[in-house]
Amino acid sequence: QVQLVESGGGLVQAGGSLRVSCAASGRTVSTSCMGWFRQAPGKEREFVAGIMGIGIRYYADSVKGRFTISRDNAKNTVDLQMNSLKPEDTAVYYCAASRVVQGSTQLSDFDSWGQGTQVTVSS
């Protein structure tokens with residue numbers, strides 16, 4: 001079964017931190033490009049952070065210096081540590097995987113998606 005399951009979302013005040021996790025099954029995260037995307041109400045889904053199979057990380061400009069994507073090969077999980085959160089970070093956060101493409105920020109390049117986890121940042 002190819003499945004991505006997010007967890008760890010919740011409510012946090014502005015300036016606070018939160019970590020969301022993605023557990024993968026039927027997919028080896030160390031050989032895939034894994035990404036986090038988010039979608040706020042009424043807005044398009046957008047790229048947040050990615051990690052290539054070889055471990056190189058890349059981020060959207062809006063989260064650089066605040067968010068960190070990481071991978072635990074033993075657990076086959078991918079986490080997104082979110083610090084200095086802002087109200088504009090409020091969104092449903094989705095885990096995604098690309099089987100072939102590495103380093104992409106485009107939704108169309110990711111073939112597997114999780115169901116999403118809600119992150120709400122209050123003022």
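Author: Let us begin with burial. F37 is buried, and so is F47. Buried means under 20% relative accessible area, exposed means over 50%, and partly exposed lies in between, with a 1.4 Å probe and protein chains only. This is a predicted model, in which local features need pLDDT of at least 70 and side-chain atom pairs count only at pLDDT 80 or more, while totals for chains, interfaces and linings use all residues. Residues are numbered from 1 along each chain as its sequence is written, and side-chain values use heavy atoms, with hydrogens and water left out.

Reader: How many aromatic pairs does the structure hold?

Author: Rings of Phe, Tyr and Trp (its six-membered ring) pair if their centres lie within 6.5 Å; planes under 30 degrees apart count as stacked, over 60 as edge-to-face and the rest as tilted. The structure holds five aromatic pairs. In one of them, the ring centres of F37 and F47 are 5.6 Å apart and the planes stand at 75°, so this pair is edge-to-face.

Reader: Where in the chain do F37 and F47 lie?

Author: Helices (H or I, at least four residues) and strands (E, at least two) are DSSP runs, numbered from the N terminus. F37 belongs to strand β4 (residues 33-39) and F47 to strand β5 (residues 46-51), 10 residues apart.

Reader: What kind of pair do F37 and W113 form?

Author: F37 and W113 form a tilted pair, with 4.9 Å from centre to centre and 55° between the planes. Because F37 lies in strand β4 and W113 in strand β10 (residues 112-113), the pair ties together parts that are 76 residues apart in sequence. F37 has 0% relative accessibility and therefore counts as buried, whereas W113, at 27% relative accessible area, is partly exposed. Ring pairs join F37, F47, Y58, F110 and W113 into a cluster.

Reader: Over which ring does the charged end of R45 sit, 5.1 Å from the centre?

Author: A charge sits over a ring if NZ of Lys or CZ of Arg is within 6 Å of the ring centre and within 35 degrees of the ring normal. The charged end of R45 is placed over the ring of W113, 5.1 Å from its centre. R45 also lies over the face of Y94, at 3.6 Å from the ring centre.

Reader: Which residue's backbone oxygen does the side chain of S98 reach?

Author: A polar contact is a pair of N or O atoms within 3.5 Å; within protein, one must be able to donate a hydrogen and the other to accept it, and residues adjacent in sequence count only if both atoms are side-chain atoms. The side chain of S98 comes to 3.0 Å from the backbone oxygen of V101. S98 is part of strand β9 (residues 91-98) and, at 1% relative accessibility, counts as buried.

Reader: What is the order of the strands in the open sheet of four strands?

Author: Strands of a sheet pair through backbone hydrogen bonds, either parallel or antiparallel. Two strands pair if DSSP finds at least two bridges between them. Here the order is β1-β3-β8-β7, with antiparallel pairing. The edge strands, β1 and β7 (67-72), each pair on one side only. Further in, strand β3 (residues 18-25) and strand β8 (residues 77-82) pair over six bridges in the antiparallel sense, and V20 stands opposite L80 in β8.

Reader: Is L4 buried or exposed?

Author: L4, located in strand β1 (residues 3-7), is buried, with a relative accessible area of 6%.
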